[in-house]
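I opened this entry to log a few look-ups on strands and side chains. The structure goes in first, my notes after.

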Amino acid sequence: MRLNKFLAVSGISSRRQADQLIASGRVSVNGVIVNQMGFQVEPEHDQVTVDGKPVSIKTNYEYLILNKPPGYLTTVTDPFGRSTVMELLPPNIASRLYPVGRLDKDTSGLLFFTNDGDLALALTHPKHLVEKTYEVTVNGSPSAESLTRLTHGIELEDGPTAPAKIHVKTEQRGTTTLIVIIREGRKRQVKRMMQAIGHPVIKLHRIAMGPLSLGDLKLGATRRPTEKELQELLKLKESIAK
Ligand code: URA
């Protein structure tokens, strides 16, 4: 955004007055006086000051974490009128948000929503994929050898998976709960990985994604990211922009 527009949008002055402020050397960007009207600033990253006082524009970005219950589709609208995750969001902001990535209808857990397109891209970009952590309950008791196959990468019909991190959480009554961490996000990936070692998934629940984790958020509930989580998200976004 042009510096004069930035000043106008932030309510400091009109666009014309902004030009005068800039021309008179009262405006700095990242500590350096700038006197070109057309100087480009990135409102999210650059520190703009007028007479040494910081100026910021309030962006309309929203961020929300949902603990998705099973039974809801990850989509903004469904042509067949089935229940979607959008119904679980606070009505006042639902219209401004969209889900980042997806969870299957029967999968529960952490789903992140934003209207910040660059951040959504940073979280799903194929080159910089963030870790996604799942609690996976499977039938039977996978052997150490099978789990090692998964940690190295396993052949699926759309090609081999990248290495995964896996450990056993609990074993009880003929089922095993594993913690599985992957970076890719192919369709039904965790289910297909487990199927490939002969242990179909009974229950799939995502507990973390990049810097975000569910903590004790109740099923069906939403919360905003903490300040620390938000800082980490914005760092991720910056790393993609570079
Ligand atoms: N892997 C799956 O198989 N399903 C999901 O919903 C998420 C990851």
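Below are my entries, sheet first, then single residues, then a hairpin.

Entry 1: I am working on a predicted model. I looked up the strand order of an open sheet. The sheet has 4 strands, in the order E2-E1-E3-E4, and the pairing is antiparallel. E2 and E4 (53–55) are its edge strands, each pairing on one side only. I then checked E1 (residues 27–29) against E3. These two pair in the antiparallel sense over 3 bridges. Within that pair, serine 28 has threonine 49 of E3 as its bridge partner.

**Entry 2: threonine 49.** I stayed on this residue. Threonine 49 sits in strand E3, which spans residues 48–50. Is threonine 49 buried or exposed? Its relative accessible area is 15%, under the 20% cut-off, so I logged threonine 49 as buried. I listed its contacts, leaving aside neighbours within four places in sequence: Arg26, Val27, Ser28, Pro54 and Val55.

**Entry 3: glutamate 42.** Next I went to the loop between strand E2 (32–33) and E3, where glutamate 42 is found. Its relative accessible area is 44%, which lies between 20% and 50%, so glutamate 42 counts as partly exposed. I also looked up a C-alpha separation. Glutamate 42 and arginine 2 are 40 residues apart along the chain, and their C-alpha atoms are separated by 8.8 Å.

**Entry 4: the hairpin.** Last, I turned to E11 (residues 165–172) and E12 (residues 175–182). They pair in the antiparallel sense over 7 bridges. Glutamine 172 has threonine 175 in E12 as its bridge partner. How many residues lie between E11 and E12 in the hairpin? I found 2, and arginine 173 in the turn has a positive phi of about 40 degrees.

Definitions and conventions:
Residues are numbered from 1 along each chain as its sequence is written. This is a predicted model: local features need pLDDT of at least 70, side-chain atom pairs count only at pLDDT 80 or more; totals for chains, interfaces and linings use all residues. Side-chain values use heavy atoms; hydrogens and water are left out. Buried means under 20% relative accessible area, exposed over 50%, partly exposed in between (1.4 Å probe, protein chains only). Contact means heavy atoms within 4.5 Å. Two strands pair if DSSP finds at least two bridges between them.
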